[in-house]
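User: Hi! I am new to reading protein structures, and I would like to go through one with you, feature by feature. Could you show me the general idea each time and then the case here?

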Amino acid sequence: MQRNFLLITFFIAITLNSHGQTTLYGPTFYGGDNKAGTIIKFSPSTKDVTVAKSFNNETGTHPSGGFLRASNGKLYGMTSAGGTYGDGNIFSYNAATNVYTNLKDFNGADGAFPFGSLIEVTDGKFYGMTSAGGLMNYGVIFSFDPVTSIYTKLTDFHFDDGANPYGSLVQAKNGLLYGVTSAGGLSPLYNSPYGVVFSYNPENNIYTKLYDFLGKTYGASCYGSLVEASDGNLYGMAPYETHPTPAPGIVIFSFNPNTNFSMNLIQNGGGGAYPFGSFVKGRDNKLYATASTGGINKVGIIFSYDPSLSVITKLYDFDNTNGGNPFGNLVQAGDGKFYGMTYTGGAIDSGVIFSLDPITHTYTKLSDFNSTNGASPYYGSAFVEVPEAGSLPVTIVNFTGQNNEGVNQLYWKVTNESQTSYYELQRSIDGNTFTPIKQISNTGGTNYSYSDNINTSLAFAWYYRLRSIQLDESFKYSVIIKLTINDPRNFIVINPNPFREKLSVTIKSLLRDNVSFVLSDISGRKLYRHYQQIPKGTSTIDIPQANRLSTGVYILTVITSQGESSFKVVKSN
């Protein structure tokens with residue numbers, strides 16, 4: 001079938017960040033001018049720690065969780081207390097101008113005491129959770145629009161469906177948000193609430209409890225977040241204790257968000273216990289994390305988990321002198337090393353900043369917290385990497401598309417892309433809801449292309465956009481390009497083929513029309529004919545009496561005012 005397309009090309013410029021001098025920004029729970037926590041600025045090259053912001057009761061106190069580096073370039077975070085009502089707040093910080101802005105004070109009824117991070121979802125809004133507040137005081141899920149500053153409480157936790165989340169949400173490739181709670185739910189095995197795994201659909205506001213943690217060797221009280229690994233599964237960690245002799249450890253769990261929910265539980269964790277942070281995916285596709293206790297010195301470990309091999313590897317034992325009791329998450333910076341913070345240990349037992357080389361497993365204490373520059377980073381604390389001003393920008397010069405016999409060819413040209421990890425090509429049939437269809441790695445070149453086979457699609461138009469993901473996992477979207485079909489003939493699809501009981505014909509017609517279906521055997525003998533009127537657009541018609549046919553091969557002819565088409569159809573057992 002010949003197809004004629006209107007080719008639309010947009011020339012765009014997306015500023016991204018390339019390799020160069022970078023700075024890490026992170027929160028501390030205590031310390032600073034008012035002992036209420038800080039935003040710290042850390043230089044890996046000089047090991048200098050400076051205070052970008054000291055918190056006070058008016059601006060919010062005790063920041064926890066990490067910072068979201070949004071597509072607009074600003075950092076967004078939350079405090080777990082303080083503010084107008086004492087329940088914490090949402091804030092932004094512009095690293096380029098050193099401007100802090102209080103955006104929203106939690107008031108208890110709409111949420112209180114957040115300990116996780118915000119995430120930026122494909123609809124452009126930020127989503128997060130609070131550990132308390134809301135209708136039942138078990139926490140809420142909310143959204144915040146950075147353009148309009150509109151805060152919306154989306155749903156309340158009700159204990160039986162989960163309570164008191166301390167981590168963050170994650171958006172899977174299927175568009176749904178997933179999270180865990182530290183309490184609530186139902187545990188039929190031990191009759192005690194240990195938290196749940198849940199999903200949330202931001203399009204229809206539907207919350208679904210997926211799994212109740214059972215406690216003991218089945219996991220309990222998960223304080224972290226989930227991460228989507230390269231195999232498409234979501235992974236998380238939870239503590240466990242064996243009985244009757246307590247032996248604390250870690251349960252690593254995973255599930256496939258695209259199939260019927262089932263947990264895959266893997267005990268151990270390299271000898272660590274009580275993980276309060278979350279897994280992060282390394283560039284080697286392994287998952288990296290810390291445990292707050294356990295190990296040789298009982299003050300925590302760093303370990304990795306390889307999902308492809310189900311192998312757990314302990315990478316480092318904390319020893320107090322070089323840090324102890326990490327409560328937060330690691331981040332892999334542009335230099336390939338992981339950076340993190342500990343809650344205790346170091347020179348005055350207020351925690352340290354450290355790095356870990358994933359290749360050599362070399363651990364380095366980089367700096368001590370001294371209370372003045374901050375102290376004791378708490379639940380989910382993590383660095384975010386921000387390139388210094390003047391770094392060479394990455395630019396997408398153009399993004400184009402054209403059709404060639406049922407295949408949409410997409411092309412884009414880039415310059416200065418050394419900080420880009422990969423490109424995610426997304427497709428939509430309505431221009432609003434986009435689905436990822438392909439990840440294209442950074443090849444170090446300037447020209448990219450992808451062939452999208454749409455030969456069996458019934459859409460009149462296709463929309464495409466690029467999501468450029470950087471090494472620090474921040475991202476930006478391109479503008480949208482639209483390819484429109486202009487085919488003078490009908491588009492007909494037979495499904496299923498072969499068939500057993502029901503044979504259906506889907507017709508995309510450019511006008512209201514009369515259609516005739518003629519079914520013949522392989523010798524050409526007509527078995528019966530069916531007439532039907534179809535509207536303009538797409539229609540699906542079931543062929544009558546197809547279930548009565550004997551097993552064999554038949555010819556189905558579809559006749560409209562635009563002509564006729566014949567198809568070989570097979571009736572199977």
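User: Let me start with Tyr363: is it buried or exposed?

Analyst: The general idea is a cut-off on relative accessible area: buried means under 20%, exposed means over 50%, and partly exposed lies in between, using a 1.4 Å probe and protein chains only. Tyr363 has a relative accessible area of 13%, so it is buried. Phe318 is buried too, with a value of 0%. Before we go on, note that this is a predicted model, in which local features need pLDDT of at least 70 and side-chain atom pairs count only at pLDDT 80 or more, while totals for chains, interfaces and linings use all residues. Residues are numbered from 1 along each chain as its sequence is written, and side-chain values use heavy atoms, with hydrogens and water left out.

User: Thanks! How do I read a pair of aromatic rings?

Analyst: A pair of aromatic rings is described by the distance of the centres and the angle of the planes. Rings of Phe, Tyr and Trp (its six-membered ring) pair if their centres lie within 6.5 Å; planes under 30 degrees apart count as stacked, over 60 as edge-to-face, and the rest as tilted. By this rule the count here comes to 47 aromatic pairs. Take Phe106 and Tyr151: their ring centres are 5.7 Å apart and their planes stand at 80°, so this pair is edge-to-face. Phe106 sits in the loop between β9 (99–105) and β10 (119–120), and Tyr151 in strand β13 (residues 151–156), so the pair ties together parts that are 45 residues apart in sequence. Both Phe106 and Tyr151 are buried. Phe318 and Tyr363 also form an edge-to-face pair, with 5.6 Å from centre to centre and 90° between the planes. This pair links distant parts of the chain: Phe318 is in the loop between β27 (311–317) and β28 (331–332), Tyr363 is in strand β31 (residues 363–368), and they are 45 residues apart.

User: Which residues do ring pairs link into a cluster?

Analyst: The cluster consists of Phe29, Tyr30, Phe115, Tyr166, Tyr223, Phe276, Phe327, Tyr343, Tyr378 and Tyr379.

User: You keep using β labels. How do I read strands and their pairing?

Analyst: Helices (H or I, at least four residues) and strands (E, at least two) are DSSP runs, numbered from the N terminus. Two strands pair if DSSP finds at least two bridges between them. Look at β7 (residues 75–81): seven of its seven residues are buried, so this strand is largely enclosed by the rest of the structure. Strand β6 (residues 61–69) pairs with β7 in the antiparallel sense over five bridges, and Leu68 has Tyr76 in β7 as its bridge partner. Five residues lie between β6 and β7 in their hairpin, and Gly73 in the turn has a positive phi of about 95°. β7 also pairs with strand β8 (residues 89–94), again antiparallel over five bridges; there the bridge partner of Tyr76 is Ser92.

User: What is the strand order in the open sheet of four strands?

Analyst: The order is β14-β15-β16-β17, with antiparallel pairing. Its edge strands, β14 (170–171) and β17 (206–212), each pair on one side only. Six bridges join strand β16 (residues 196–201) to β17 in the antiparallel sense, and Asn201 has Ile206 in β17 as its bridge partner.

User: And how do I read a salt bridge?

Analyst: A salt bridge is a side-chain nitrogen of Lys or Arg within 4 Å of a carboxyl oxygen of Asp or Glu. The structure holds nine salt bridges. In one of them the side chains of Lys173 and Glu228 meet at 4.0 Å, N to O. That pair links distant parts of the chain: Lys173 is in the loop between β14 and β15 (177–180), Glu228 is in strand β18 (residues 227–228), and they are 55 residues apart. Lys173 is partly exposed at 45% relative accessible area, whereas Glu228, at 14%, counts as buried. Another salt bridge joins Asp521 and Arg525 at 3.1 Å, N to O. Here Asp521 counts as buried at 12%, while Arg525 counts as exposed at 53%.
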